[in-house]
Amino acid sequence: PKVADFLSDLPAGSAVADVGCGNGKYLGVNPLLLMAASDRSIGLAGQCRAAGNDVCVADCLTLPYRSNSFDATISIAVVHHLSSVERRVAAVQEMLRILRPGGRMLMYNWAFEQEGRRAGFKEQDNLVPWHLQTKFRSEPKGHGELVQEKNSVVYKRFYHMFVKGETEELMTLAGGNNIVDVYYDKENWCVIAEKL
């Protein structure tokens, strides 16, 4: 994805919040940035911390950061896990809240119009199997379905598949931003927006 380009184009010393950082894939892309990461998963946050990253456990709807404190935010494959328009709007508003005026936000969400390995969705809202290697499992036993032959636990995760035009609509509903670019990349609808 073009996430690395976005991060590489930011000025040295920029403060960037990676909201829903997952395993920290983008935290080291540009070592000249001050990256602050958060994820709702204790296990994934632990992986990032073990790799030496600044990370906290937080929900994207209530970020533990001061308002107007970041030059940029990224949210890659996060907002599509929220089950209602109201929650998706609230997540975007929260990311805009922590941005300084003029700061930029990059957001990626799975596209309904996928043609690759995830093609064939009939509806926008889906429960998609997600395989977690048992060595990373931190939840109590009994959650998810153990698949011994793959040494993993399978969870059903909610995904809202974004259709063309929906990203722009979400940003309009959130308010307080100007859309800089909307594009399709690697089976995702993506937006770059600037906080007003």
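## Helix α2 and its ends

Gly52, with a positive phi near 90°, follows helix α2. This is a predicted model, in which local features need pLDDT of at least 70 and side-chain atom pairs count only at pLDDT 80 or more, while totals for chains, interfaces and linings use all residues. Residues are numbered from 1 along each chain as its sequence is written, and side-chain values use heavy atoms, leaving out hydrogens and water.

Helix α2 spans residues 42-50, and at its start a side-chain oxygen of Ser41 comes to within 3.3 Å of the backbone nitrogen of Gly43. Helices (H or I, at least four residues) and strands (E, at least two) are DSSP runs, numbered from the N terminus.

## Nonpolar cores

A nonpolar core here is a set of buried Ala, Val, Leu, Ile, Met, Phe, Trp, Tyr and Cys residues joined through side-chain atoms within 4.5 Å. The largest has 28 residues, and Phe70, Val79, Val92 and Met107 have the most contacts inside it. Two or more residues each come from β1 (15-19), α3 (85-98), β5 (99-110), α4 (166-174) and β10 (188-195). The largest share, six residues, is from α3.

Leaving aside residues up to four places away in sequence, Val92 touches Met105, Met107, Leu170, Met171 and Ala174; contact means heavy atoms within 4.5 Å. A second, separate core of 22 residues includes Leu27, Ile76, Leu106 and Tyr108.

## His80

His80 lies in the loop between β4 (70-76) and α3. His80 counts as buried because its relative accessibility is 1%, the cut-off being under 20% relative accessible area with a 1.4 Å probe, protein chains only.

A polar atom of the His80 side chain is 3.5 Å from the backbone oxygen of Ala77. Not counting residues up to four places away in sequence, His80 touches Asn109, Trp110, Phe158, Tyr159, His160 and Phe162.

Note on methods
Polar contact = N/O pair within 3.5 Å; in protein donor to acceptor, adjacent residues only side chain to side chain. Buried < 20%, exposed > 50% of the residue type's maximum accessible area, 1.4 Å probe, protein only.
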